[in-house]
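Q: Hi! Could you walk me through this one?

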Amino acid sequence: MKVTIIGSGSWGTALAKVLADNQARVQLWGVDQAVADEINRHHTNHAYLPGLNLPDSIQATTDLNQAVTGCQVLLIAVPTKAVREVVDQIKPLLTQPPLLIHVTKGLEQGSHLRVSQVIEEVLDRETYQDLVVLSGPSHAEEVAREDLTTITAASESLPAAQAVQSLFMNHYFRVYTNQDVIGVELGAALKNIIALGAGALHGLGYGDNAKAALITRGLAEISRLGVAMGADPLTFMGLSGVGDLIVTCTSPHSRNWQAGKLLAQGLTPAQVVEEVRMVVEGMSTCKVAYELAQTYQVDMPITDGLYLVLYQGADIQQGLRQLMSRTGKQEASLAQHLE
């Protein structure tokens with residue numbers, strides 16, 4: 001089986017290794033010829049996963065037509081802002097309908113669409129078999145070194161989700177299935193906002209009490225917006241909800257956590273992007289979530305506070321004081337969410 005991965009960054013490369021370990025024939029596409037040459041000649045990708053030796057069977061290319069032609073499985077692993085353009089380029093190259101997978105964790109600015117909705121808007125339905133979202137608590141660095149990882153394959157089509165489950169499962173990479181695509185995508189995207197806040201708390205010197213509060217209340221506002229948009233609230237108790245939230249909010253591996261820490265140290269959003277040198281999905285997703293919260297009339301105080309910092313020049317310390325001085329509230333139960 002030929003599996004093509006669109007995106008030769010850290011996550012695309014780590015997933016290529018998982019698939020190659022499972023004996024799939026993997027073609028990795030990216031825009032950087034130097035990266036492709038390094039993968040093909042030296043079986044490494046030092047720019048994104050330093051110290052990792054890749055299986056010899058992984059082949060990289062910058063030729064999109066070569067990558068897409070004849071593939072049975074097509075996996076999209078590019079930043080949210082690039083999804084629409086890349087899928088539009090892929091559209092005329094699909095000579096046979098592949099099973100589509102995406103692993104992108106974000107929401108499109110302007111349209112407010114989830115990534116699967118962007119893909120469905122660009123591609124004609126007859127050009128692909130089914131669409132599956134692969135998401136969950138998974139740092140690329142740890143997957144690449146075969147640390148134990150569990151994630152979710154979500155699709156409205158259970159057989160499609162099960163096919164992806166079978167494709168990726170091995171001794172270090174476990175996959176569960178889910179049919180709540182809305183919940184899985186929103187959990188993946190919105191947790192990046194909370195991770196910005198977690199990094200900021202660390203940068204400001206706050207301790208575990210503050211971080212636990214942020215994660216817990218962050219999960220509450222993610223769930224509120226998700227339920228308002230049609231997600232199953234129980235999804236946010238799973239791997240793509242609380243699981244992804246924990247791993248992203250507690251680890252320096254997370255570029256969103258890194259970005260929050262840099263904001264707390266006084267860097268501007270533009271300086272943060274330059275310093276991190278990779279896409280920080282939480283920064284753009286924050287704007288989308290802020291606008292969605294207004295549309296659905298959902299209370300998202302953490303998102304609101306970070307929006308003011310990122311887009312209105314507000315001071316982080318002042319934003320924290322405002323959060324802590326909000327009117328007292330009752331903590332909602334899961335039963336109330338389900339009513």
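A: Happy to! H8 and H9 are roughly antiparallel to each other (an angle over 145 degrees between N-to-C directions). This is a predicted model, where local features need pLDDT of at least 70 and side-chain atom pairs count only at pLDDT 80 or more, while totals for chains, interfaces and linings use all residues. Residues are numbered from 1 along each chain as its sequence is written, and side-chain values use heavy atoms, with hydrogens and water left out.

Q: Where do the axes of H8 and H9 cross, in degrees, and how many Å apart do they come?
A: The axes of H8 (residues 181-204) and H9 (residues 208-228) cross at roughly 155 degrees and come within 10 Å.

Q: Which residues make the contact?
A: On H8 they include Leu186, Leu190, Ile194 and Leu201, and on H9 they include Leu214, Ile215, Ile222 and Leu225; contact means heavy atoms within 4.5 Å.

Q: New topic: where is lysine 91 found?
A: Lysine 91 is in the loop between helix H4 (80-90) and strand S5 (99-102).

Q: Is lysine 91 buried, exposed or partly exposed?
A: Lysine 91 is partly exposed, at 30% relative accessible area (the class between 20% and 50%, with a 1.4 Å probe and protein chains only).

Q: What is lysine 91 in contact with, leaving aside neighbours within four places in sequence?
A: Those are Val122, Leu123 and Asp124. A polar atom of the lysine 91 side chain lies 3.2 Å from the backbone oxygen of valine 122.

Q: And how many Å separate the C-alpha atoms of lysine 91 and arginine 224?
A: They are separated by 35 Å, and the two residues are 133 residues apart along the chain.

Definitions and conventions
Axes are lines fitted to C-alpha atoms, for helices over the stretch in contact, and angles run from 0 to 180 degrees between N-to-C directions. Helices (H or I, at least four residues) and strands (E, at least two) are DSSP runs, numbered from the N terminus. Angles under 35 degrees count as roughly parallel, over 145 as roughly antiparallel, 65 to 115 as roughly perpendicular and the rest as oblique. A polar contact is a pair of N or O atoms within 3.5 Å; within protein, one must be able to donate a hydrogen and the other to accept it, and residues adjacent in sequence count only if both atoms are side-chain atoms.
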